[in-house]
Structures are given as C-alpha cells and as structure tokens.
Amino acid sequence: MNTNSFSPIHVVGGGLAGSEAAWQIASAGIPVILHEMRGVRGTDAHKTDGLAELVCSNSFRSDDATSNAVGVIHAEMRLAGSLIMASADRNQVPAGGALAVDRDGFSEAVTEAIEKHPLITIVREEIQGLPPREWDLAIIATGPLTSPALAAAIQSETGEDQLAFFDAIAPIVHRDSIDMDICWYQSRYDKIGPGGTGKDYINCPMDEAQYNAFVDALIAADTVGFKEWEGTPYFDGCLPIEVMAERGRETLRHGPMKPMGLTNAHNPTVKPYAVVQLRQDNALGTLYNMVGFQTKLKYGAQVDVFRLIPGLQNAEFARLGGLHRNTYIHSPVLLDRTLTLKSRPGLRFAGQITGCEGYVESAAIGLLAGRFAAAERKGEPLVAPPVTTAFGSLLGHITGGHLVSEDEPGRRSFQPMNINFGLFPELEPGSIVRPEGVKRFRGKDKTAVKRQLLSARALRDCTSWLGRE
C-alpha cells in the first residue's frame, strides 16, 4: 500500500509514551507529526530538550520475564517492536536483575531514531489547546507535567472534576497476603451500599498497645519531601497518615482508624481499640487498598510500619503510598477500550496522563495508543490485547478495572498504578499444582509458582495477539 496516501497522525508530547506511539505509527507505514514543546518551552523537571528524557530514576525495574510483572511487560514490548525497549537494551548499565540505563545515552538513542525515521516529523512547539479537529487522528501524551494551557483545554472538554493534578495514593495490598485468621469482612454498621453486601471491607483490629506502638512508629518514620516545583498540596481531605498522627495521638482513632460500627468476627466480645480497613480496589478482587492511608513515608519505612498492623504482618504490596504532583485524567469514565476520548472520536490519550505509573508502563500505553491509531488510519480492526497479558491487564485497569467508592463522596477512586500481578485475571482452577517431591507447598512457594504461570500465560497470549505464532 502506498504510504503517501495516508494523512499524518499527530502525537503531542515527546516523552516515553509519545516517542513510542510515534514509532509504532511510523513502523506501520503511517506518517507522524510529533509535537514537543521542550526546545521552545521547558518544564520544571526536565533538563534537556531530548526526547524520552528520564526525569527521576534511570531504572526500568526488574527484567525477569519468568516471574515478575514488570519483566513480563518488558518482554511484551520487545515482541511488539518497542523503540523504548530497544534503546534501553542498547544503553544498559549494570543493575543486577533490573534493567537500568545510561540516561543521556538512552535519550540520545530515542531522539536519533525518531529524527532519522523518514515518516516522522518533529515540530518544536507548545500545543496550548486540544488538537484541532482537522487533524482527525491525534494522541495526547504530555505526561504528569502537562502545560497549564493544555491542561485547561482538557478540563474544558472533559469536565472540571475529570482531571487531577496530585495523587493522594494509599498503599495497595495483594489480597492473598492478608491473614484472614486475624482479619474479617464487614462494612461499618453492616451497611449495604450500592452493589455491596455489608461485608465489603477487610478489617484489621488493634488493641491499645498495638495502636500506640503503630502511632509511635508512624511518627518516627522517615518521609520524602516535596520537590520545589510540586508545591505542598495538603488539604484536610487528603492529609498524609503521618501528618494526622502528629496532630494528636487519638486523631487516627477518630479518623480512618475509628473502630465504631465494627465487631471482630474472631473475638466478638472484645471491642477493637482501632481498626484499619481495606477496601476492594479492582474488579478481580485481587487487590485491596488501605482506606485513608495516603502517605509521604519512604517506601522502606512504609513496609516496616504497615506490617505492624495485625493481619498485615506478611503483606505484599502491589504499590506503596504517595502524595505527589501528577496530572492525569479519570480514564475509566473518559476513555474507551482503545484509549479514545469518548466525547471526541479520533483523539487518544497515552502514557502517565491516562493513569499509569512508571516509565515502562507509560511507554507501553503509548505503544498501544500508537498501534490503535495506526489501525484506525488503515481501516483495520482495532483489537485490544487479551486481558491475560501485561498489556491487557494495564489497559483494563486504565479503562475500567477499578471499583468506584460509593461511601466516600467526592473522593476519586481511580488512581495511577504500576503493572503488577494483582491486575492479571486469576489462573484457571487447578492450574497451580504442587511440584513433585515438595511436601509443604503454600505461602511464598505457591505464590512463586503462580507468578511463573501468570508470566508464561501472558507471553503466550501476547505472542498470539501479535500474530507471531
């Protein structure tokens, strides 16, 4: 087919997601115009005008595709011809089992590849409004530092409450790591809300000594400061848990840890002094978030402190808490399964602005947006990746895998997420078989086998989706 017959697709933003989207579109034989404002206008965090500049860490995290969800999405991206992964592999630096890169070399490799591609044109300019309708197919991939003018245009199109500028994120725990011999299911006062059963929370009880030890550890733990350009976004509806603790020893007991309306199913005659509640976070029921536990504690401190909570002593965290600047849209409401804005056909969003976390995840969503846009331009079917893949699991979270909180009016229940096995559908019953010769098969050993099976299934299904079988 003559590629000259295709009109270009416009990509706004030259970060990891935008660069990957442009590469995928051009690789499909479609012309691309990539609009990047750095070089004309800088941001508070970037230092160069290079494409795909890494602002924070230089690590792409684990590269283990046999039993780690991040490694699986690495492998899926490589299968799909990812520019970001190819550039990372060529600029790898020693980091044990992780994939870390030379920052400058990585950005230079991406920039050079984009500049040399005959179907990609880079335009250095700030796009201050939504892409004009005459562009017909466009992708916004402007990330957490979207310019104020474009952010205002997105708000105008989607609604004032559909764009967040800060994350207030509570830790999220893998359901199968919670000790249900200590915890129990119950909603406060057995309330049955919309779609509820009266047993919609997992409750972790504390006696007075446990509560005081927890508060002491919380106040003493190390925290992460805000970057200068982030400001300090505290407001009473989203105070970090440690700030609440500092306001008075009983503050948490009268806030997110209040014990009222709850009866310990394991010990009904003893009233808990305080209770930590966890609410189901995804439709699969594999993840639970710690209600009201947004925090600025350092990650290591979070693990140590939160494992003091009875029932969470062996907790495995799908993600830890945080509070930081991060512009993102309410994607489950606004986007369809192909990342298209429902109110504006032809306009897609990609990367962190859709509600994913991390370099790799951002690039992966850029990859999918680019492939969807290219297929649409060619008039081909837009086939989403299977939900069993890392691609499909992350896409599912972004476009509707979360649950809406009915009992916290005004609180955004959708929050950005890294790829993790809690987003993957469960294995078929009977899939996990005890290895021959192993007598004790439970806990971490069983989890390890489960992750290996989830990884193998994902890569098998991704290979099939890409037509590589």
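Trainee: How many residues are there between β4 and β5 in their hairpin?
Mentor: There are four residues between β4 and β5, and glycine 96 in the turn has a positive phi of about 65 degrees. Strands here are DSSP runs (E) of at least two residues and helices are runs (H or I) of at least four, both numbered from the N terminus. Please note that this is a predicted model: local features need pLDDT of at least 70, side-chain atom pairs count only at pLDDT 80 or more, and totals for chains, interfaces and linings use all residues. Residues are numbered from 1 along each chain as its sequence is written, and side-chain values use heavy atoms, with hydrogens and water left out.

Trainee: Is β5 covered on one face or on both?
Mentor: Both faces are covered: Ala98 and Ala100 on one side, and Leu99 and Val101 on the other, are all buried. Buried means under 20% relative accessible area, exposed means over 50%, and partly exposed lies in between (1.4 Å probe, protein chains only).

Trainee: Changing topic: how many residues does the largest nonpolar core have?
Mentor: The largest core has 86 residues, and those with the most contacts inside it are Phe60, Phe106 and Phe391. Its largest share, eleven residues, comes from helix α10 (residues 359-378). A separate second core has 34 residues, among them Val173, Phe214, Met244 and Val305. A nonpolar core is a set of buried Ala, Val, Leu, Ile, Met, Phe, Trp, Tyr and Cys residues joined through side-chain atoms within 4.5 Å.

Trainee: What is phenylalanine 106 in contact with, leaving aside its neighbours within four places in sequence?
Mentor: The contacts of phenylalanine 106 beyond those neighbours are Leu16, Ala52, Leu54, Phe60, Ile84, Ser87, Ala88, Asn91 and Val101.

Trainee: Leu16 is in α1, I think; why is α1 described as largely enclosed?
Mentor: Ten of its twelve residues are buried, so α1 is largely enclosed by the rest of the structure. Leu16 is one of the buried residues, which also include Glu20, Gln24 and Ile25. Helix α1 (residues 16-27) reaches 16 Å from its first C-alpha to its last, close to the 16 Å expected at 1.5 Å a residue. The expected span is 1.5 Å times one less than the number of residues.

Trainee: What follows α1?
Mentor: Glycine 29 follows α1, with a positive phi near 90 degrees.

Trainee: Which loop holds aspartate 136?
Mentor: Aspartate 136 lies in the loop between β6 (120-124) and β7 (138-140). Its phi is near 55 degrees, a positive value in a residue other than glycine. Tyrosine 189 likewise has a positive phi, about 60 degrees, although it is not a glycine, and is found in the loop between β10 (184-185) and β11 (201-206).

Trainee: Is tyrosine 189 buried or exposed?
Mentor: Tyrosine 189 is exposed, at a relative accessible area of 58%, whereas aspartate 136 is partly exposed at 38%.

Trainee: How many disulfides are there?
Mentor: There are zero disulfides, a disulfide being a pair of cysteine sulfur atoms within 2.5 Å. Cysteine 356 counts as buried at 0% relative accessibility, and cysteine 462 is likewise buried at 0%.

Note on methods: Contact = heavy atoms within 4.5 Å. Pairing = 2+ DSSP bridges.
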